[in-house]
Every structure is written in structure tokens, then in C-alpha cells.
Amino acid sequence: MASASASLLKSSSPVLDKSEWVKGQAIRQSTVSVRSLPSGPSALTIRAGSYADELVKTAKTVASPGRGILAMDESNATCGKRLASIGLENTEANRQAYRTLLVTAPGLGQYISGAILFEETLYQSTTDGKKMVDVLVEQNIVPGIKVDKGLVPLAGSNDESWCQGLDGLASRTAAYYQQGARFAKWRTVVSIPNGPSALAVREAAWGLARYAAIAQDNGLVPIVEPEILLDGDHGIDRTFEVAQKVWAEVFFYLAENNVMFEGILLKPSMVTPGAECKEKATPQQVAEYTLKLLHRRIPPAFLSGGQSEVEATLNLNAMNQGPNPWHVSFSYARALQNTCLKTWGGRPENVKAAQDTLLTRAKANSLAQLGKYTGEGESEEAKKGMFVKGYVY
């Protein structure tokens, strides 16, 4: 999903050309324009970012039909856990080898429009010595960057968290832009079993809004994602109730911070029961509840999972079975990488087979974005659930 208005998605704004995000492009000097809000004698002056047109182009490029986002922004510690699952040591060389496998998969750009990177990867080269960013650009994939500094306990809450990383964010996003990144991710979470408390919801919404404003000011399209965790035994109606409250708060603070809606990517979690709920939901139910949430609260959107590879794809497909005013696409990490990682196993001779499984998953979700996925021929591995209680990365 690219923009915050359906009419924009149907406009003829040009798609971002590769040359517009090539690594090393100098940071532009701001050509500041201002506008005044009529709020009495001391009218507030708001700075309009000099990147406005580029932000819209980037958002529309990431929201290309039949394509979505590959989230490969796991921290080095979490990447180490993934590598350990296939018997590999957590070294930079092994992380480099796996990330090289992902970004060099032939034809990946046919199904993937953006890749979220961890900071190490943004500055990293492939095993052949090419910059990861350059390889992505050659694949017509927009490089993105994870910019938060992780979750920490929120004092005064019900054992909830807040996302840190606003300090120094302006200088970091400026440097990331110069390195070739064109969009950003900030992970904050809301826990249903722990409330969620009004304090935690407000903190999540405010943090997202401040991050979004800072990212836009430095040329990066922000993914706005208040992740509602799957933990818990609550039903789908409770998830829906919480999601409505969270997104109402998010949009209030986005407006308060003068975020340009046309230049953001929204990433609501799919509305599902808690992972430990005894009543499972069908793809049609997940689609119905999620689309109802979008209609009530949200302009166009990306959707994320935490489900099995096949579940995530089936749910996305169900949401694209009929006409809706959004570009509903995907931003998946494990739902694209799980089978790929296990197929690779750290063995050079398995690289092609692993890349083939990545392309299979990417193509399946491409079809789902178009509402054409059938689920035929899926492996048993792809049907295995991937929920991890209390998941952090």
C-alpha cells in the first residue's frame, strides 16, 4: 500500500526511476517552503519537506501491482538465531552469505518491490564484492532500512514496551538516504494480553508519528506499523476492537505531527485471533475483519503476518478477491524466508535450490496481491506455523 488516499493510487504520478535512489547520491539541500495555519496572532509555521514529490514516487514504486516487501531486517542477534536453526555460527561471513543469497535471487524484482535491511546490510557487500544496495537497485527493488533501536520496558504500564530510537534519528536517516535507502521501518508493538493500556497505545502512536515526520524530512518514506502482537488466547473480535483504537490514535498523532499521508506506507497487522485462541479463523474471516478495519480506520495498506507461509498468502489472497479502495499487499519476513533458509542449510551447493524456494514464495504472494493465488502444490514445510511467543528481534 502506498498512499493515504485512494484517489492518489489511481493518479498518473510517475514511478521512481532507478537513478533516483542510486547509492551515493548526495543529500539535497533543503529548499524550504512554509505555510501558516490561521490559529490566531501566533500562527504556527510548518516546514514542508523538500522531498515531497520523491516521497510520493517512492511510495507508489513500492506499491507496484503484484509486488510487495521482503523484510530482511533482522538484527544480528536474531539473524544468529535463524542461522543456529540450520547449524551455522553467527558470524558476519555467514550473515553476508545468507543475505547475498536473498538479494541475488534471479528475477526477485518481478515479485518484490522493496527490501527492508538491517544497518549492517545497508553498508555490506555481497560475497562477490558488490554493494547489497546496488544489487537491489539492479533488481528494481527499492532499498529500505530499519531505524528503531529496539523495545524497552515502558515505566508505569502493565509490563508493556515502548520503542526507542528517536534520539539521533534525523542524522541517521540523512546518512541512510545518502547510502541509498529510500524508505524506513520502525517497530513498535501493542500487546493485547497486557491491556493494552492507554499509556502504551498513546506511546506507540506518538513514537510512530515522530519517527514518520523525521523520516520524511530526510527523504525516507516511513512504514507506519503499530504491530499488534499475536500473543494471547483472545478471539478475533477482541483483536478488531484493539486495532480500531490503536489506528485511531495513530492517525490522530500523524496529523498532529504534520506527516504527509501521500508519502507513507501503512502496515496494519492482519486481524486474527490470538495465537493461543482455540477458535481458529478461516482466510475469509480474516479478510472480512481486516477489510472492515481498513474501511473504518485506514487508508491503503500493507499487511503482515506471523502466520505460516501458506496462511499468510491465503489471507492476503482473500482480501484481494473483490474490489477495494486500497493497494493491499504484503511485507513478510519469515513468511518469505522460512523454507528458503532451511533449504539452504549453509551449503553453497544449495544456494540455487534455496533461491528457487524464495522465488516460489514471492511469486505466490505476488499472485495473492492480484487475488489469483490458489494454494495448489504447496509443500508441507510452507504450511507449518511460525508463531513464536513473546517474539523479539
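The structure holds 0 disulfides. It is a predicted model. Its largest nonpolar core has 102 residues, its aromatic pairs come to 9, and strand 5 (residues 142–146) is largely enclosed by the rest of the structure.

**Cysteines**
- A disulfide is a covalent bond between the sulfur atoms of two cysteines, and the count of such bonds here is 0.
- Cys79 has a relative accessibility of 4%, so it counts as buried.
- Cys277 has a relative accessible area of 10% and is therefore buried, because the cut-off is under 20%.

**Nonpolar core**
- In soluble globular proteins, nonpolar side chains tend to be buried together.
- Within the largest nonpolar core, the residues that touch the most other members are Leu108, Phe183, Tyr211, Val224, Leu254 and Trp344.
- Tyr211, one of these six, has contacts beyond its neighbours within four places in sequence. They are Val147, Leu166, Leu169, Ala184, Lys185, Trp186, Pro222 and Ile223.

- Strand 5 has 5 of its 5 residues buried, which means that the rest of the structure largely encloses it.
- In a regular strand the side chains alternate between the two faces of the sheet.
- In strand 5, Val142, Gly144 and Lys146 point one way, while Pro143 and Ile145 point the other way. Residues on both sides are buried, Lys146 included.
- Strand 4 (residues 112–117) pairs with strand 5 in the parallel sense, over 4 bridges. Gly114 has Val142 of strand 5 as its bridge partner.

**Aromatic pairs**
- A pair of aromatic rings is described by the distance of the centres and the angle of the planes.
- The number of aromatic pairs is 9. One of them joins Phe240 and Tyr289 edge-to-face, at 5.9 Å centre to centre and with 80° between the planes.
- This pair links distant parts of the chain, 49 residues apart: Phe240 lies in helix 9 (residues 236–256) and Tyr289 in helix 10 (residues 283–297).
- Phe240 and Tyr289 are both buried.
- Trp206, Phe252 and Tyr253 form a cluster linked by ring pairs.

**Charges over rings**
- Tyr289 also has the charged end of Lys292 over its ring, 4.9 Å from the ring centre.
- Over the ring of Tyr177 sits the charged end of Arg182, at 3.7 Å from the centre.

Methods. Residues numbered from 1 in each chain as written. Predicted model: local features only at pLDDT ≥ 70, side-chain atom pairs only at ≥ 80, totals over all residues. Heavy atoms only, no water. Core = buried A, V, L, I, M, F, W, Y, C linked by side-chain atoms within 4.5 Å. Buried < 20%, exposed > 50% of the residue type's maximum accessible area, 1.4 Å probe, protein only. Contact = heavy atoms within 4.5 Å. Disulfide = S-S within 2.5 Å. Phe/Tyr/Trp six-rings, centres within 6.5 Å; stacked < 30°, edge-to-face > 60°. Helix = DSSP H or I, 4+ residues; strand = E, 2+ residues; numbered from the N terminus. Lys NZ or Arg CZ within 6 Å of the ring centre and 35° of its normal. Pairing = 2+ DSSP bridges.
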